[in-house]
Amino acid sequence: MAIESLPCPAELEWISGGDLSGVYGCKLGFAEGVLYIVVSEYAWDADVEVQGPQNGMSYSFRLEKERSILFAADKQGQLTSVYRAGETAITTH
């Protein structure tokens, strides 16, 4: 409750999947862009969509059970790199 009353901007907004117990995510900012990390300890695959509030770009993907997805984006929100790109499809909006 105290954190919600402070004027701190959200680093990562969950459009879908954030309410699942066992699905966690964060966004790390760097000079050239950001790194998104989403981890599943959930028992089933899940459709996830997250948004970076600074640029308004959203990203959707299928998060396999007990796996993680890491991807980088530039300051404008365009994908620059995806960990296990051959196994992970990320759609930008």
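Is Tyr 36 buried or exposed?

Modeller: Tyr 36 counts as buried, because its relative accessibility is 2%. Buried means under 20% relative accessible area, exposed means over 50%, and partly exposed lies in between, with a 1.4 Å probe and protein chains only.

Some ground rules. This is a predicted model, in which local features need pLDDT of at least 70, side-chain atom pairs count only at pLDDT 80 or more, and totals for chains, interfaces and linings use all residues. Residues are numbered from 1 along each chain as its sequence is written, and side-chain values use heavy atoms, with hydrogens and water left out.

Now the rings. A pair of aromatic rings is described by the distance of the centres and the angle of the planes. Rings of Phe, Tyr and Trp (its six-membered ring) pair if their centres lie within 6.5 Å; planes under 30 degrees apart count as stacked, over 60 as edge-to-face and the rest as tilted. The whole structure holds five aromatic pairs.

One of them joins Tyr 36 and Tyr 59. The centres of these rings are 5.0 Å apart and the planes stand at 55 degrees, so the pair is tilted. Tyr 36 sits in strand E3 (residues 33-40) and Tyr 59 in strand E5, 23 residues apart, so distant parts of the chain are linked. Strands here are DSSP runs (E, at least two residues) numbered from the N terminus. Tyr 59 is buried too, at 0% relative accessibility.

Phe 61 and Phe 71 make an edge-to-face pair. Their centres are 5.9 Å apart, with 70 degrees between the planes. Phe 61 belongs to strand E5 and Phe 71 to strand E6, so this pair ties together parts 10 residues apart in sequence. Phe 61 counts as buried at 5% relative accessibility. Phe 71 counts as buried at 0%. Tyr 36, Tyr 59, Phe 61 and Phe 71 form one aromatic cluster.

Next, the strands around these rings. Two strands pair if DSSP finds at least two bridges between them. Strand E4 (residues 46-51) and strand E5 (residues 58-63) run antiparallel and are joined by six bridges. Phe 61 in E5 stands opposite Val 48. E4 and E5 also belong to an open, antiparallel sheet of four strands, ordered E1-E4-E5-E8. Strands E1 (13-16) and E8 (91-92) are at its edges with a single partner strand each, so one side of each has no neighbour in the sheet.

Strand E6 (residues 68-74) pairs with strand E7 (residues 79-82) in the antiparallel sense, over three bridges. Val 82 in E7 is the bridge partner of Phe 71. E6 and E7 form a hairpin with four residues between them, and Gly 77 in the turn has a positive phi of about 95 degrees.
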